[in-house]
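Here is a brisk report on one protein structure. It covers backbone geometry, a sheet and salt bridges.

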Amino acid sequence: MGKKLNNMRTSKRKSTLGTLFIFIIVCSVNCCKPSKDMKKIDVSENGMNVKVFYEKDKYAGWPANWGAWNWGDEILVGFTLADHLDKSGHTYDQKSSFAKFARSLDGGRSWSIEDAYENGIVGATFEHNLGDRSKESTKIPNGMDFLNPEFALTFRMGTERDGPTSFYYSYNKGKSWDGPYNLMVDFGERKPLGIVSRTDYIIDSSTEMTAFLTVGFQEGEMKWREVACMRTIDGGITWNHLSWIGEERVNSGNPASIRLGPSRILAITRTTKPPRMLSFVSEDNGNTWIQLADPVKVDKNGNPPALLRLKDGRLSLAYGIRESETMPNGIGIYISYSSDEGKTWSDPKLVRGGDGANWDIGYPRTVLLPDGKVVAMYYYNHANKGDKYRYIAATLFEPK
């Protein structure tokens, strides 16, 4: 059975740190048809909110664009850091943005910040402005060992529409990275602008990996993105396109996937216009896909899914809600659970909200700790209560 990147091999160790629990009242709602007149029901979860990175005059965002990995209680997550600008939309200065990592050694309770360039992320992208320090990507000389116990891999897009995408790998928990290496895929008759991937992959053996790409297209004035499934069987030297997931010409991306069985894979994607979260299952190891019912309702331009297998066998799906009218409990980070391998999902629960956040939040990643708790990492703000700076946050909770 394959192994998901943010649920990598873990080694148990006892923690001597106390855990602070914050009692959160959330409400049970229908995941696809929330009703404003529903009564708020006590379905609270215990949680602990932590600031992973916060700095005045700075904008920190989008963990889902990078990836998250954990080795027991050690967690690594990537994010973008830039100067704050007072403007509409994302309030960041793109020209000042650089890639960073945050690392926790105690299950997400405390964090240290690492510079991605110093750790080996040396190729420039639109959100990693290295100038003449940048190095060009090359062909990978040897195959990777996906079962190395300290392995991590990240896909990095050059731009949001035409790429290209390169990749890096690490054998020491992201303390240093090899790359950048070219990601080259033959899409047959279809000729995309380029690959614009975030990180989503399933490890199937020491040399075999199934990965999910976001691919950019343009026809005249129309631009869109689609999700593709690909596989390598030689450790990443060559990559073969298997299938497209979802309809053509529907702007989709940010896939989150998990292996359900030897030939069965679940993939959840985000679309923007209209904003939806779509769910697909493959029964033939990624060659064809069947669309399932939408797992949850999203809003605005949507929000990326974060998919995880829990210790009790259920699946969890974390995501952001960006408009207060969408859910009775308003803007925040939500989570839903599936006990039937993604066919149906529970009423969403509020993990983080009610504290002044505006729409500019979300893009979560989640990891599972050895004790069964979940750490959700995302970007957040309290702009409606006077603190306009976006920051990276984490919530530690026990799934109910």
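Asparagine 254 is buried, at 7% relative accessible area. Buried means under 20% relative accessible area, exposed over 50%, and partly exposed in between, with a 1.4 Å probe and protein chains only. Asparagine 254 sits in strand E18, residues 252-259. Strands are DSSP runs of E, at least two residues, numbered from the N terminus. The phi of asparagine 254 is positive, near 50°, in a residue other than glycine.

This is a predicted model: local features need pLDDT of at least 70, and side-chain atom pairs count only at pLDDT 80 or more, while totals for chains, interfaces and linings use all residues. Residues are numbered from 1 along each chain as its sequence is written, and side-chain values use heavy atoms, leaving out hydrogens and water.

Lysine 300 also has a positive phi, about 50°, and is not a glycine. Lysine 300 lies in the loop between strand E21 (290-291) and strand E22 (306-309). Lysine 300 is partly exposed, at 34% relative accessibility.

## Cis peptide bonds

The bond from glycine 163 to proline 164 is cis, with omega near -5°. Proline 164 belongs to the loop between E9 and E10. The bond from lysine 273 to proline 274 is cis too, with omega near 0°. Proline 274 is in the loop between strand E19 (265-272) and strand E20 (275-282).

## A three-stranded sheet

E9, E10 and E11 form an open antiparallel sheet, in that order. Strand E9 (152-157) and strand E11 (178-182) are the edges, each pairing on one side only. Two strands pair if DSSP finds at least two bridges between them. Six bridges join E9 to strand E10, residues 165-170. Arginine 156 has serine 166 in E10 as its bridge partner.

## Salt bridges

The structure holds 20 salt bridges. Each is a side-chain nitrogen of Lys or Arg within 4 Å of a carboxyl oxygen of Asp or Glu. Glutamate 74 meets lysine 173 at 3.2 Å, N to O. Glutamate 74 is in strand E6 (residues 74-83) and lysine 173 in the loop between E10 and E11, 99 residues apart. Both residues are buried.

Lysine 175 also bridges to glutamate 74, at 3.6 Å, N to O. Lysine 175 lies in the loop between E10 and E11 and glutamate 74 in strand E6, so this pair ties together parts 101 residues apart in sequence. Lysine 175 is partly exposed, at 44% relative accessibility. Salt bridges link Glu74, Arg103, Glu114, Lys173 and Lys175 in a network.

Methods:
Helix = DSSP H or I, 4+ residues; strand = E, 2+ residues; numbered from the N terminus.
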